[in-house]
Number of protein chains: 2
Amino acid sequence: MTNTTTNNYPFLAACRREKTPYTPIWIMRQAGRYMEEYRKLRAQYGFLELCKKPDLAAEITVTPVERLGVDAAILFADILLILEPLGVGLEYSKGDGPVIHHPVRSGKDIDGLKDFDPEKELSFVYEAVRKICAALNHKVPLIGFAGAPFTLASYLIEGSGSRNYIHTKKLYYAAPQAWHRLMELLAARTAKYLNCQIAAGAQAVQIFDSWAGCLAPADYEQFVLPHTKAVIDAITPGVPVINFSTGTAGLLKQIRSAGGSVIGLDWRVNLDEGWATVGHDVAVQGNLDPVALFASPKEIRQRADDVLRRAGGRPGHIFNLGHGVLPETPVDHVIALVDAVHELSAR
Amino acid sequence: MTNTTTNNYPFLAACRREKTPYTPIWIMRQAGRYMEEYRKLRAQYGFLELCKKPDLAAEITVTPVERLGVDAAILFADILLILEPLGVGLEYSKGDGPVIHHPVRSGKDIDGLKDFDPEKELSFVYEAVRKICAALNHKVPLIGFAGAPFTLASYLIEGSGSRNYIHTKKLYYAAPQAWHRLMELLAARTAKYLNCQIAAGAQAVQIFDSWAGCLAPADYEQFVLPHTKAVIDAITPGVPVINFSTGTAGLLKQIRSAGGSVIGLDWRVNLDEGWATVGHDVAVQGNLDPVALFASPKEIRQRADDVLRRAGGRPGHIFNLGHGVLPETPVDHVIALVDAVHELSAR
């Protein structure tokens with residue numbers, strides 16, 4: 001179910017809200033631990049090592065495209081890679097997720113961050129992009145990605161995953177100017193990083209604001225929106241931007257205001273209601289519950305049909321989960337979803 | 001700022017959407033670890049021990065009312081107490097939160113749950129309620145509470161806190177009849193438990209569906225709503241029910257359909273928008289971000305004013321945080337919030 005003419009990929013057409021022969025689908029974390037091929041490589045290499053070896057990153061990126069039959073590839077990388085050159089002691093520790101050994105908690109800490117050029121420091125990513133594009137050979141387009149400034153800032157400030165984001169919020173309460181300085185710095189680096197991915201061959205980009213769901217709408221507007229918007233506004237013209245977040249059903253209007261040609265919707269809002277809230281003049285991506293892939297293939301098909309029914313055949317829907325595929329998910333169930341979406345949406 | 005005539009408590013009047021001289025406020029977990037008096041008792045007794053000693057539970061309940069000047073007391077207890085008589089091996093382990101040693105994962109497990117009468121098994125709770133009411137001496141009303149059937153069921157099934165609720169959702173995908181049997185069992189016990197609290201003196205009850213925010217709206221409708229509604233419909237007539245959940249900005253219409261005279265709103269939705277969604281024919285409770293209490297008292301006052309402004313002076317707003325007060329919160333900041341709400345809303 002893929003396209004061979006580069007101008008007419010269903011995924012890119014849907015980003016532009018053009019009619020497509022079927023609803024395109026890709027899966028967040030489609031290159032990940034639920035897949036045996038990936039687990040085998042991870043047994044041999046550290047996570048950061050895989051990110052930094054363009055041949056392996058390319059292999060990991062391309063494998064699920066072939067295995068699943070999805071309509072787009074997504075770069076294998078990590079949203080925190082861009083934090084490493086800041087000199088904060090990023091470490092991918094086993095089990096507990098990444099850790100920042102020198103978290104940033106004050107204006108002084110922010111001013112002490114190393115300056116760097118994302119074009120030079122992250123060249124291994126662009127090399128992976130070039131190799132992926134060569135391997136994909138125009139079969140499907142490649143999506144590049146980066147973390148949104150808020151999600152990056154909160155990792156920098158908390159130093160690890162967080163439940164309540166107390167340090168992050170304390171910083172913008174107590175030192176709003178320092179906060180905005182940090183966000184501007186991250187937004188500028190992120191925009192350049194994404195444009196370098198595009199220059200290397202990525203045909204769309206997704207901005208992950210995975211943690212924005214902890215924010216009150218007024219805080220998002222004041223402390224986050226201008227910076228996410230700055231990244232999106234700086235993206236190479238004509239390249240679709242997917243503005244992704246999770247747990248943000250009460251923030252959708254504000255997220256739409258930050259920009260993006262496609263707005264990510266998670267499963268905690270009905271797709272029809274979420275689309276109406278962000279407006280039908282923008283495309284949407286989503287929104288099956290990742291846990292639904294633990295149901296039977298028959299049940300998965302019914303749930304896919306419900307999402308498609310809510311999209312109503314309107315151009316501009318990209319099917320995806322509401323968040324990344326979970327490590328324990330059966331691969332066969334992912335394939336069943338991709339097939340069901342292609343079949344049920346064929347027009 | 002409290003009332004001495006039992007018919008005219010601002011908190012209960014607001015539950016009924018009657019005019020009040022000021023906006024009543026109480027704080028979820030107002031009897032908790034952020035308070036030195038509580039930490040001292042916890043150093044001497046285990047958590048479950050405190051719950052089971054009515055004199056101490058009463059002391060813990062009443063202390064914050066005096067310290068903070070809030071408009072309601074809330075019973076000191078835990079939502080999982082009702083699971084203990086089911087014979088699943090509930091243990092409050094140190095640090096990691098409560099654990100269920102024999103989680104329920106199948107129809108057979110459900111049928112193996114012990115039957116019990118909440119009136120007999122949880123008599124220590126009602127004894128605490130009676131002692132609290134005597135100690136409060138009509139100063140403020142007492143709120144009783146219980147977990148909602150979904151939140152109780154997911155704890156029973158997962159066996160501990162969960163990130164993705166895979167076992168819970170798998171059960172309702174694969175064995176919907178067993179799921180509904182479990183939910184009916186929990187709903188019936190919970191309704192009786194709450195009515196016993198009311199019989200002992202509680203003047204309102206709050207139902208905590210703290211984990212409902214992981215659900216797609218369609219799943220909430222099919223697997224959760226009828227059972228939450230069954231609890232609410234069975235509550236002693238005339239007693240206000242607060243239907244509380246968190247992370248449910250995309251589910252508010254469904255939550256409203258489950259019932260309650262007051263709907264809890266968390267900070268991830270603007271209070272004016274949330275109230276419009278659930279309808280102005282119901283009262284609302286909320287919705288300051290608990291982390292906002294780490295800001296300066298001046299900033300806390302501004303944020304309280306913003307919430308009050310969004311409530312627009314409409315009768316039927318109970319001020320609260322969007323979730324429980326966090327353990328590291330400065331007590332002085334909580335007092336500053338209570339004072340600010342009383343002052344800014346005085347009419």
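These are numbered notes on a predicted model with chains A and B.

1. **Ground rules.** Residues are numbered from 1 along each chain as its sequence is written, while chains are lettered from A and ligands numbered from 1 in the order in which they are written. The model is predicted, so local features need pLDDT of at least 70, side-chain atom pairs count only at pLDDT 80 or more, and totals for chains, interfaces and linings use all residues.

2. **The sheet of chain A.** Seven strands form an open sheet in chain A, in the order 1-4-5-6-7-8-9. Their pairing is parallel. Strands here are DSSP runs of E with at least two residues, helices are runs of H or I with at least four, and both are numbered from the N terminus. Two strands pair if DSSP finds at least two bridges between them. Strand 1 (73–74) and strand 9 (317–321) of chain A are the edge strands, as each pairs on one side only.

3. **Strand 5 and its partners.** Strand 4 (residues 142–147) and strand 5 (residues 204–209) of chain A pair in the parallel sense over five bridges. Phe145(A) has Gln206(A) as its bridge partner in strand 5 of chain A. For Ala146(A), the partner in that strand is Ile207(A). Five bridges also join strand 5 of chain A to strand 6 (residues 241–245) of chain A, again running parallel. There, Val205(A) is the bridge partner of Val241(A).

4. **How covered is strand 5?** Six of the six residues of strand 5 of chain A are buried. "Buried" means that 20 or more other C-beta atoms lie within 10 Å of the residue's own; "exposed" means 12 or fewer, and "partly exposed" is in between, with C-beta atoms placed from the backbone. Both faces of the strand are covered. Ala204(A), Gln206(A) and Phe208(A) are on one side, and Val205(A), Ile207(A) and Asp209(A) are on the other.

5. **A helix across the sheet.** Helix 10 (residues 176–200) of chain A lies across strand 4 and strand 5 of chain A. Helix 10 runs at about 165° to strand 4 of chain A. Axes are lines fitted to C-alpha atoms, for helices over the stretch in contact, and angles run from 0 to 180 degrees between N-to-C directions.

6. **The nonpolar core.** The largest nonpolar core has 250 residues, and Leu75(A) and Leu75(B) touch the most other members. Such a core is a set of buried Ala, Val, Leu, Ile, Met, Phe, Trp, Tyr and Cys residues joined through C-beta atoms within 7 Å. Leaving out residues up to four places away in sequence, Leu75(A) touches residues including Ala128(A), Ile132(A), Leu142(A) and Phe145(A). Two residues are in contact if their C-beta atoms, placed from the backbone, lie within 7 Å.

7. **Helix 13 of chain A.** Which residues of helix 13 (residues 271–278) of chain A are buried? They are Leu271(A), Gly274(A), Trp275(A) and Val278(A). Just after helix 13, Gly279(A) takes a positive phi of about 105°.

8. **Backbone details to check.** A cis peptide bond joins Gly286(A) and Asn287(A), with omega about -5°. Asn287(A) is in strand 8 (residues 283–288) of chain A. In chain B, a cis peptide bond joins Gly286(B) and Asn287(B), with omega about -5°. Tyr165(A), a residue other than glycine, has a positive phi near 60°. Tyr165(A) sits in the loop between helix 8 (149–158) and helix 9 of chain A. With 18 C-beta neighbours inside 10 Å, Tyr165(A) counts as partly exposed. Asn137(B) also has a positive phi, near 50°. Asn137(B) is exposed, with 9 other C-beta atoms within 10 Å.

9. **Where the chains meet.** How many residues of chain A are in contact with chain B? There are 25, in contact with 25 residues of chain B. Helix 9 (166–174), helix 11 (217–233) and helix 14 (297–311) of chain A each give two or more residues to this side. Helix 9 gives the largest share, four residues.
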